[in-house]
Structures are given as C-alpha cells and as structure tokens.
Amino acid sequence: MRAALLRLRRGTGLPVAFGGLLDGPRQVRIGELVGTGTRALHGLAISSGNGLGGKAVALSRPCAVTDYHVSRHISHEYDAAVAAEGLRSVLAVPVVVRRRVRGVLYGALRAAQPLGDRTLSAAVAAARDVEQALVVRDEVRSLLAAVAESGGGGDRAGAGSGPGPGAGAWEQVREAHGALRALAPRVTDASLRAELLAVCGRLASATLVPDHPRDRPVALAPREVDVLSCVAGGVTNAAAAERLGLRPETVKGYLRSAMRKLGAHTRLEAVVAARRAGLLP
C-alpha cells in the first residue's frame, strides 16, 4: 500500500496520498499516510456509501470532488478529519480484486481545483499495483492451504509409498510453483516479492522425503530456477521466454548454465537434479 501511495504522489504530483484495505464487511480502514501534516485521517473507518471513499467503494469506480467540504455529491461524515488535514480537492480510487473492493487509495490537494484525466489515470495505475499484490497474496495463501491439506511434504511424487499427496496433487503444486516463479519478478513490492520467493522455496522443498539426504547443495541464480520451473512444466524455450519476459536466447543461456551447475546433459536430467536438490517441487 505504501509503495502504491508513493507511486500515486509521483505520478499525479498531488502532495497528499493515503489509503487502506478492507477491514470487515464493506468498510475500509485508513492505515497509510504520505505527505500528511496530522494523524487525523489515520485509523479512520470508511463505510460503504459514506464520504468520497465510501462512494468509490459502493460504486466500485474512481470518484473525485473539487472542493470536499461543499460538494453535494457526497455525504459528509468525515468532514472533521478532512478539515483537520486542510484538504480540498480529493480523489478516491477503489482497489478491486475479482470484482470485490479490497481497499481505497486517495490523492488530495489543499486547494480547490479540478483534478484532470492524467491525474486520475495515474491514481488508477497505482491502485493496480495494490490489486496485483493482493492477487499474489491470495494465491500464496491458497497454495499454502492446498499443500497443508494434501499432507505437506510426504513422499516424492511417484517415488514410493507413504503419507502425502499423490502425483496429481503434486502436478498442481508444480504448476503453481512455476506460475509464481514467473510472477515474482514482476511484483514491484520488494518485501512481497521476497515473501513470494520464500513460499516458492517451501513448495520446492516439500517434495523431499523426511530423513532422506538431498543431493549436494547447488547454488542456482533465481532466473536459472525460473527457467527450470518452466522446463519442468514442459514448455518450450520460446514459451518460457514469453512467460518470464525474457528473450529466447537469454532463456537458453540460463538453461545451459543451470545444466552445467547441476551436472546434467539434458533438460530432463536438469529438472530431476533440481528436484533432488530441493530447488523444484
């Protein structure tokens, strides 16, 4: 959220930005402030339909007013907090994930003047950053829940008997791992990206048999693991390049480097060695 608010300020030139995520049904709580002079807005609970942000929540679309205090297009439950900060022109952009509002971003001026289309477009782009981050968090939580329900790290798929998910369940985990590895480099929030890669590591090591020694440790570059995760999914170099946002020649280079480090002579050998080393699920 904070990174998106900083982007909103840079993209719009608005001196004040603030926002928050859903806190209970149809209510957003302001949790991040950038450029404010007071704490009047912090912790404010915005109910659907109330004020400018509540209107954006109810309509699931951006809303703006040129002079907040005299606007006839919004209700005025939050006038005291807005006045304490000295805000006049304000815009509110909802964060919408799968047709559900999950938060609101605001940008504001301390003068009453119209906010143009370029300002609104930049604010919408900042909201998209938050939406992307929430989608990733949802996927991560879903994956962790799926792994927990399937038995965590029992036997390797197809590598014996005992508790743990079957081959079909592991294929789903592997597909999800590949998708998340491809998505991680496009996540702008560094902490979220690190969290996502940490989950990928947990998924990769989940296939190791307890008390079974893994192959010798191998240090692969993140992009080498990304390429191998695509190869493990059966995609071509061209398809891997498109998924990862790389050139096909670059994918080939990463693959050759990974194969050399793993002591593999074929793509399949590289995937098997990476799984035995706990680098892929």
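These legends cover close-up views of a predicted model. Local features need pLDDT of at least 70, side-chain atom pairs count only at pLDDT 80 or more, and totals for chains, interfaces and linings use all residues. Residues are numbered from 1 along each chain as its sequence is written, and side-chain values use heavy atoms, without hydrogens and water.

**View 1. The open sheet.** Six strands run in the order β3-β2-β1-β6-β5-β4, with antiparallel pairing. Strands are DSSP runs (E, at least two residues), numbered from the N terminus; two of them pair if DSSP finds at least two bridges between them. β3 (45-47) and β4 (63-65) are the edges; each has a single partner strand, so one side of each lacks a neighbour in the sheet. Direction ignored, neighbouring strands are turned by 25 degrees against each other on average.

**View 2. β1 beside β6, with α1 on the sheet.** Six bridges join β1 (residues 16-22) to β6 (residues 100-108) in the antiparallel sense. Ala 17 has Gly 107 of β6 as its bridge partner. Helix α1 (residues 2-12) packs on the sheet and touches β1, β2 (27-34) and β6. Contact means heavy atoms within 4.5 Å. The direction of α1 makes about 65 degrees with that of β2.

**View 3. The crossing of α7 and α10.** The axes of α7 (residues 222-232) and α10 (residues 267-276) come within 10 Å and cross at roughly 115 degrees. The two helices are therefore roughly perpendicular (65 to 115 degrees). Leu 228, Val 231 and Ala 232 of α7 meet Arg 267, Ala 270, Val 271, Ala 274 and Arg 275 of α10. Six of these contact residues are nonpolar, none polar and two charged.

Key:
Axes are lines fitted to C-alpha atoms, for helices over the stretch in contact, and angles run from 0 to 180 degrees between N-to-C directions. Helices (H or I, at least four residues) and strands (E, at least two) are DSSP runs, numbered from the N terminus. Angles under 35 degrees count as roughly parallel, over 145 as roughly antiparallel, 65 to 115 as roughly perpendicular and the rest as oblique. Ala, Val, Leu, Ile, Met, Phe, Trp, Tyr, Cys and Pro count as nonpolar, Asp, Glu, Lys and Arg as charged, and the others, Gly among them, as polar.
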